[in-house]
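Dear colleague,

My findings follow directly after it.

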Amino acid sequence: QRMRARFSLSAMVNETTRVGMELSTGGNNPRSRDQTLDGDASAKDITLRQAYVNWKPVDQLGLTAGKMPQPWSRTPVDYFYDSDYMPEGLAVQLDAPAGFYGKGYWLQIDERGGDDDTSVWGGEVGYAGDVFYASLGYQDFEDIEGFNPCYQGNCNGNTVDANGNLVFDYNVTRLRAGAKF
């Protein structure tokens, strides 16, 4: 027995600036907004899932900062990121004529104080037409090898050492293409 509830707000501050916020069930799990109905009728957690600002100084350029929707293009079935995952960081998008675009972003994964933080740099170029779409994206995870920034220490099957830390650095290339019917 599970439930899910969301309250989202998106508002224009002025002609170039939009702010967004979302409160949701699901506790602090970054990959689920579902809330299990158990615990002898205990109160259920509501958390901040999004809090961001988007600034578009011109129609073709947008800058986003905060806890935001995913800044990369998603496929109908995306195996790498759960649709509930809302990253934290900075993103820029440039829209060119005729459906072409480019995106770049820096996302904070784990802040460690004295050690280097785990983050990801990424980018994507693509085309989004009325029928066809295609994109090529790349992500470079920084300072992830030798650490475990995964939620509750669960790295979802990625190789970890005896201490539970990730063994490998990750660089992800994503090619996406399709047609809309």
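In what follows, a residue counts as buried under 20% relative accessible area, as exposed over 50%, and as partly exposed in between. Please bear in mind that this is a predicted model.

I begin with the disulfide. The count comes to one disulfide, and it joins cysteine 150 to cysteine 155, with an S to S distance of 2.2 Å. The torsion about the S-S bond of this pair is about 100 degrees, so the disulfide is right-handed. Is cysteine 150 buried, partly exposed or exposed? Its relative accessibility is 21%, so cysteine 150 counts as partly exposed. Cysteine 155, at 6% relative accessibility, counts as buried.

By class, the lining of the largest pocket comprises 17 nonpolar, seven polar and seven charged residues.

The second largest pocket has a volume of about 230 Å³. Of its 14 lining residues, those closest to the centre are Asn54, Thr64, Pro71, Ala91 and Gln93. Two or more lining residues come from each of β5, β6 (61–67) and β7 (88–95), and β7 gives the largest share, four residues. By class, this second lining has six nonpolar, five polar and three charged residues.

I turn next to the strands. Strand β2 (residues 6–12) and strand β3 (residues 17–25) run antiparallel and are joined by seven bridges. A hairpin of four residues connects β2 to β3, and serine 10 stands opposite glycine 20 in β3. On β3 there is a further pairing: nine bridges join β3 to strand β5 (residues 46–58), and these two strands also run antiparallel.

Which residue of β5 is the bridge partner of threonine 25? The partner is isoleucine 46. Threonine 25 itself lies in strand β3, and because its relative accessibility is 2%, threonine 25 counts as buried. Apart from neighbours within four places in sequence, threonine 25 is in contact with Met3, Arg4, Ala5, Arg33, Gln35, Asp45 and Ile46.

Yours sincerely

Terms used
Residues numbered from 1 in each chain as written. Predicted model: local features only at pLDDT ≥ 70, side-chain atom pairs only at ≥ 80, totals over all residues. Heavy atoms only, no water. Pairing = 2+ DSSP bridges. Buried < 20%, exposed > 50% of the residue type's maximum accessible area, 1.4 Å probe, protein only. Contact = heavy atoms within 4.5 Å. Disulfide = S-S within 2.5 Å. Nonpolar A, V, L, I, M, F, W, Y, C, P; charged D, E, K, R; others polar. 1 Å grid on protein atoms, 1.4 Å probe; cavity = no way out; pocket = protein on both sides within 12 Å on 5 of 7 lines; lining within 4 Å. Points joined across faces, edges and corners; volume = space filled by probe spheres on them.
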